[in-house]
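Open the model in your viewer and keep the selection panel at hand. The stops below are given in the order in which to select them.

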Amino acid sequence: MEIITKPLDGALDVNFAGNLPDIEITSDGDVSLDFKHKVDGVFVSLFTETYTPDSDGNITIEIRELIESMLELNIPPTDEDTYHQVAGYRVFQLDFEEIDADPESTEQITFTAIKGGFQNYTVDDTDFALFNWLTWQERTKYVKASDPNFLTYFAAVERHVFITIYEPSATNEINKFTLAAGQLTTINCNWERITDSYPNATHVDVYIKESSTPLTFQQRFVLTEEYFEHEDLFVFANSVGGIDTIRFTGVLTESQQFSFESAIFSRQEREYFHRSEESFQKNTGLFRTRRQLLWSRDFFASKFKYWWTLGVFFRVITQSENLSSTLHRINNYTFGFRLSEPKVYQDYLKLNPSQVSLGPTEQYIKVPEGEYVLTEDGDQLIFE
């Protein structure tokens with residue numbers, strides 16, 4: 001038995017799940033496979049299978065779709081500096097044995113796979129993960145102070161994240177975070193968190209550094225106060241194993257549909273079920289560069305998207321996407337989306353809330369300004 005093609009399995013190697021090759025084996029007889037993955041430091045068997053070679057003695061085992069289905073990324077908590085993407089990567093061990101071989105013939109492959117992939121087969125997965133933040137976003141990104149922003153990196157060995165903070169009269173380099181070896185980590189790059197001691201900062205570079213040399217490219221965040229009438233932020237799992245935030249500035253329109261079901265109870269027709277589906281149409285606004293446009297397609301291709309609004313992440317499903325564009329022109333897209341979990345109750349925090357007294361108990365309820373009549377008389381309130 002001989003393994004001809006296999007994933008990268010060196011001690012410091014990493015594979016993108018979407019780039020995994022089929023395992024190709026030559027053998028004179030049947031081959032058994034024990035497919036394992038590491039759980040809490042111990043390899044646990046997922047399944048066993050026996051493969052019979054073809055007439056030429058070849059066996060092909062497809063593993064890409066299986067491993068891709070086992071990996072997923074999560075939106076990090078906004079109050080943590082670093083987040084271990086424990087479900088975004090796994091270590092696998094494949095034990096092969098040629099059945100009835102004399103002498104005994106066994107092989108073992110141990111490899112790491114992380115979520116995502118890319119279409120450039122001249123680039124080694126390990127090198128790509130070593131020298132890059134896992135994102136396709138532009139290397140200079142304009143942000144607002146409260147925006148959720150993240151960068152993700154797979155550290156084969158312990159790595160240090162440095163930031164250089166630029167102020168009008170000073171520049172400061174800080175060893176900001178330490179990334180644990182063998183882990184996929186997302187770091188919180190919210191402006192207010194990474195510049196908390198530097199209120200006059202204008203822009204920030206974030207990078208991994210080894211000795212005195214930057215290892216990754218320097219991701220730059222530039223603070224902006226540019227105003228957009230229609231501004232929405234979406235956070236999503238990108239196609240190379242990271243978490244990105246994209247800003248769309250075109251018009252947002254909302255529609256809501258209701259459906260009802262009723263039946264006769266005691267000679268009276270009564271509603272016993274209703275469904276409310278809120279949907280939205282969003283224009284991206286004009287893309288300023290070709291790279292912005294191409295990066296936006298990573299958002300539309302993602303199966304894991306969230307709308308950041310009212311300081312909360314709402315998972316969304318995109319629909320009716322129209323992604324046509326013209327080369328050498330300024331382009332924009334229009335797409336539809338809806339919440340993955342429809343709202344059942346009214347949302348009283350859609351606008352800036354005001355506090356309304358509920359009478360002598362001195363309880364308060366927050367309601368949107370301009371939509372309800374405010375009163376000082378608790379007896380006139382409908383809330384009980």
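Start with Leu310, which is found in the loop between β22 (305-309) and β23 (312-322). Helices (H or I, at least four residues) and strands (E, at least two) are DSSP runs, numbered from the N terminus. Leu310 is not a glycine, yet has a positive phi of about 60 degrees. Its relative accessible area is 44%, so Leu310 is partly exposed; buried means under 20% relative accessible area, exposed over 50%, and partly exposed in between, with a 1.4 Å probe and protein chains only.

Before the next stop, note that this is a predicted model, in which local features need pLDDT of at least 70 and side-chain atom pairs count only at pLDDT 80 or more, while totals for chains, interfaces and linings use all residues. Residues are numbered from 1 along each chain as its sequence is written, and side-chain values use heavy atoms, with hydrogens and water left out.

Select Arg267, in the loop between β20 (252-265) and β21 (268-283). Arg267 also has a positive phi, of about 70 degrees, although it is not a glycine. Its relative accessibility is 84%, so Arg267 counts as exposed. Most residues other than glycine have a negative phi, and most peptide bonds are trans.

Move to Pro103, in the loop between β8 and β9. The peptide bond from Asp102 to Pro103 is cis, with omega near 5 degrees. β8 and β9 form a hairpin with six residues between them, and Asp100 in the turn has a positive phi of about 60 degrees.

**The hairpin strands and their partners**

Show β8 and β9 as cartoon: they run antiparallel and are joined by 10 bridges. Two strands pair if DSSP finds at least two bridges between them.

**Other salt bridges**

The whole structure holds 12 salt bridges. Select Arg193 and Asp81, whose side chains meet in one at 2.8 Å, N to O. Arg193 is in helix α3 (residues 191-194) and Asp81 in the loop between α1 (64-69) and β7 (82-84), 112 residues apart. Arg193 is partly exposed at 28% relative accessible area, and Asp81 is partly exposed at 35%.

Next take Glu210 and Arg159, a salt bridge in which the closest N and O atoms are 3.3 Å apart. Glu210 lies in strand β15 (residues 203-210) and Arg159 in strand β12 (residues 159-167), so the pair ties together parts 51 residues apart in sequence. Here Glu210 is partly exposed at 42%, whereas Arg159 counts as buried at 11%. Finish this group with Lys144, Asp147, Glu231 and Arg247, which are linked in a network of salt bridges.

Select β7, β14 and β11, which form an open sheet in the order β7-β14-β11 with antiparallel pairing. β7 and β11 (150-155) stand at the edges with a single partner strand each, so one side of each is left without a neighbour in the sheet. Six bridges join β11 to strand β14 (residues 183-188), and Ala155 stands opposite Gln183 in β14.

Then select β1, β3 and β6, an open sheet of three strands in the order β1-β3-β6, paired antiparallel. The edge strands are β1 (2-5) and β6 (58-61), each pairing on one side only. β1 is joined to strand β3 (residues 23-26) by three bridges; Thr5 has Glu24 in β3 as its bridge partner.

Technical notes:
Salt bridge = Lys/Arg side-chain N within 4 Å of Asp/Glu carboxyl O.
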